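Dear colleague,

I am passing on the structure below, together with some notes on one strand and on one interface. Please read the notes with the structure open beside them.

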Amino acid sequence: MAPSICAICEVVRALIIRPKNHQKLCKACFIAIFEAEIHHTITTTSLFSPGDRIAIGASGGKDSTVLASVLKTLNERHNYGLDLVLLSIDEGIKGYRDDSLETVKRNAVQYDMPLKIVGYDELYGWTMDQVVEVIGKKGNCTYCGVFRRQALDRGAKMLGINHVVTGHNADDVAETILMNLLRGDLPRLARSTSIMTGDESSEVRRSKPLKYAYEKEIVLYAHHKKLDYFTTECLYSPEAFRGSARSLIKNLERVRPSAILDLVRSGEDMARLVPEAVTGISQCKIQKVSLSSADDEDTSGCGTNGRSGGGEMADMEKKLQADEDAVGREVDVTAKTSSDNDGLHTDAVLLKLGKKTGPKTKMVKKLTRQTLGTCRVCGYMSSQEICKACTLLEGLNKNRPKMEIEIDIKDEESSIPRIKMEGVVQAGG
Amino acid sequence: MASEDKFNLVVEFSGGLELLFSGRRKLTISVPIKDNEGQAVTVGWLVHYLCNEVMEDSRKNMFVLDGHVCPGILVLINDADWELEGEASYALQPNDNVLFVSTLHGG
């Protein structure tokens, strides 16, 4: 194949083909446009104000490393006037986090940013290694994810910073939208699409400046800029990717690369249709600002990047299948009652019934409006009386594994997490 | 096979993919000029060769799935996205550098 020439400078050989529009670019033009688009996201959403102190949630992985690098570049190029700090969470996983923290420490030197590391052990009295000893290797991701989200807020508060940026990319957002859509979780669907959660009045705001950036381009940016990032699978969730909504996204991307941004945009459009009564967010603010992220995202996935665990899709499929089966049974019954009639008539009856039983719009009315308060135990942001972290901790401290928390959208009586105890199992069992 | 029937190329793994190749990030391999059917060897051929002959890890489907490189793994040929080079049909040249980067690990 004859080499392609860059579509922008029309001089240099193209090395990159952009997923969103198939544009062929050379290395320099790609880096320039990638940065320009993030600058555009930041300015059009008024994400920052001069003088803001911003904590960058840094894991040492590709997304947060690219975020730190790009923010530093843009802050200097466009005089944002930001004071950037790296904030890392030490989950206490030997052989995994201690290695990636070394990467963050190097990043701190490379980008000349102060670094703050907060550990699960100091915050919760438990390292993930200890949690796994009690819980086992299955299901510990819930703990890690819940702890990490709160840990970022608490780390930011220690630094006196009220705005944390995370490296969530377009693939992450598309995945979350898809999961919330499949779950029919409208409040979360609305919140997961907004670039920022929380507002001026919140203790800690969260935002995702890389929201429209493809994971593929983030990796290519890191590669071509030779950024120093850490890659290894978390020891406790190997292959978490397989069978997840993530693999569906990646398969979609292969067939039609624009699908990822299309999902993000569709999610935003759908979020606009979610009634204010459900989200607790006023419509005019929905795109920019939403409720706290304190307990927004998946509790089941690895919180590093909001990725869902592999089992989720399977669970979802089961649920959908059950729904389908149920509908099938309903129709069967009604078909029998009208079986004496001719086919046409039966069809009409079914159609009518289908209309009645079909859409579950009534569920919307049953949704509880989630309001942000503080946890009765630890005092940090939560939309529940007791936050998820404290609920999990209570279980851990009682040495009771197999505790699951579940927020049921149909449960309008109470907004307190329902706790399912699957029997008290001996530690290590 | 005589040595002139082969040529060298550099294969690199990153983004966590090196974990599937015994932690090796870079290897130089010698490949035949023609495959068994007398066709010029392609990246597609290389992928299967790596999967069948080089990879010791049993999790082959984390590299190749249904005969294709797994979605989420980028392939760069001499730093260019292989989509610009005809993907699997690209005919390998002596001293080519083929980089496999996983986008799936960590954040």
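B:Ser14 has B:Val101 as its bridge partner in E7(B), and B:Leu74 also stands opposite B:Val101. The model is a predicted one, in which local features need pLDDT of at least 70 and side-chain atom pairs count only at pLDDT 80 or more, while totals for chains, interfaces and linings use all residues. Residues are numbered from 1 along each chain as its sequence is written, chains are lettered from A and ligands numbered from 1 in the order in which they are written, and side-chain values use heavy atoms, with hydrogens and water left out.

Strand E1 (residues 6-14) of chain B runs parallel to E7(B), joined by 5 bridges, and strand E5 (residues 73-77) of chain B runs antiparallel to E7(B), also through 5 bridges. Strands (E, at least two residues) are DSSP runs, numbered from the N terminus, and two of them pair if DSSP finds at least two bridges between them. Strand E7 (residues 97-102) of chain B is largely enclosed by the rest of the structure, because 5 of its 6 residues are buried (under 20% relative accessible area, 1.4 Å probe, protein chains only).

Turning to the interface, the contact (heavy atoms within 4.5 Å) takes 28 residues from chain B and 32 residues from chain A. The rule finds 3 salt bridges across the interface of chain B and chain A (a side-chain nitrogen of Lys or Arg within 4 Å of a carboxyl oxygen of Asp or Glu). B:Glu85 forms a salt bridge with A:Arg13, with the closest N and O atoms 2.7 Å apart.

Best regards

Notes:
Buried < 20%, exposed > 50% of the residue type's maximum accessible area, 1.4 Å probe, protein only. Helix = DSSP H or I, 4+ residues; strand = E, 2+ residues; numbered from the N terminus.
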